[in-house]
Amino acid sequence: MKHNAGPSEFKGLHGIEYFQFEEDFIEKNVRCIPMIVRFKMDAAGIKLKLAEWSKFSTEERVELALKPCINEVDVEAYKKYLADLIINRTGKEATTMEVDKCPVWAMLYELPGILIEKANEFGNGISLDQWASLTDLQRFALLKLCREGHENKNFPKAFREFGLLD
């Protein structure tokens, strides 16, 4: 699907990891939530719908990308900020979800089966060393792109962008 949207507010934003393949993330004429924000939402245990995201200002979206979410204090502050944003912009309570205490993207000693399957589907392979050399956000992104129902055309783009093609 071609779109006329200009570059996202995250492209070239100093202080975050943002991927080129994310420039294609547009759904219903709304630029989708970038991986850096999705990563932090998972850590905070809040699910954000695209309709909610679309109600945030550019400044609020950038703040969600830049806000630290590393330790317990950061995560709690992020969760409160996001929950307050959702209620202030939509009038609805934030949808919470269980926080995975041992996320698959953090496991460096074993390749996730879903990743191996998806890489094979596109005629690629990935070694444990390659997997371990990726950033947390790159591993998170690859696994999100493997999920059923996700726009799989971005998986090979991410694979290439992360330097995983021979």
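I began with H1 and H3: their axes come within 8 Å and cross at roughly 65 degrees. Axes here are lines fitted to C-alpha atoms, for helices over the stretch in contact, with angles from 0 to 180 degrees between N-to-C directions. Helices are DSSP runs of H or I, at least four residues, numbered from the N terminus. The model is predicted: local features need pLDDT of at least 70, side-chain atom pairs count only at pLDDT 80 or more, and totals for chains, interfaces and linings use all residues. Residues are numbered from 1 along each chain as its sequence is written, and side-chain values use heavy atoms, with hydrogens and water left out.

I checked the hand of this crossing. H1 passes H3 left-handed (the near helix is turned anticlockwise from the far one by less than a right angle). I then listed the contact (heavy atoms within 4.5 Å). H1 brings Ile36, Val37 and Lys40, and H3 brings Arg61, Leu64, Ala65 and Leu66. By class I found five nonpolar, no polar and two charged residues. Ala, Val, Leu, Ile, Met, Phe, Trp, Tyr, Cys and Pro count as nonpolar, Asp, Glu, Lys and Arg as charged, and the others, Gly among them, as polar.

Next I looked at H3 with H4. Their axes come within 11 Å and cross at roughly 160 degrees. That makes H3 roughly antiparallel to H4 (angles over 145 degrees). This crossing is left-handed. Glu60, Glu63 and Leu64 of H3 meet Tyr78, Tyr81, Leu82, Leu85 and Arg89 of H4. The classes are five nonpolar, no polar and three charged.

Then I turned to the largest nonpolar core, which has 47 residues. Such a core is a set of buried Ala, Val, Leu, Ile, Met, Phe, Trp, Tyr and Cys residues joined through side-chain atoms within 4.5 Å. Phe21, Met35 and Leu142 are among those with the most contacts inside this core. Elements giving two or more residues include H1 (35–44), H4 (72–90) and H7 (136–146). H7 gives the largest share, seven residues.

Of its 11 residues, 10 are buried (under 20% relative accessible area, 1.4 Å probe, protein chains only). They pack against H1, H5, H6 and H8.

I looked up Met35. Beyond four places in sequence, its contacts include Phe19, Phe21, Leu137 and Phe140.

Last, I asked where Asn154 sits. Asn154 is in H8. It counts as buried because its relative accessibility is 0%. Beyond four places in sequence, Asn154 contacts Phe21, Asp24, Phe25 and Leu145.

Key. Buried means under 20% relative accessible area, exposed over 50%, partly exposed in between (1.4 Å probe, protein chains only). Angles under 35 degrees count as roughly parallel, over 145 as roughly antiparallel, 65 to 115 as roughly perpendicular and the rest as oblique.
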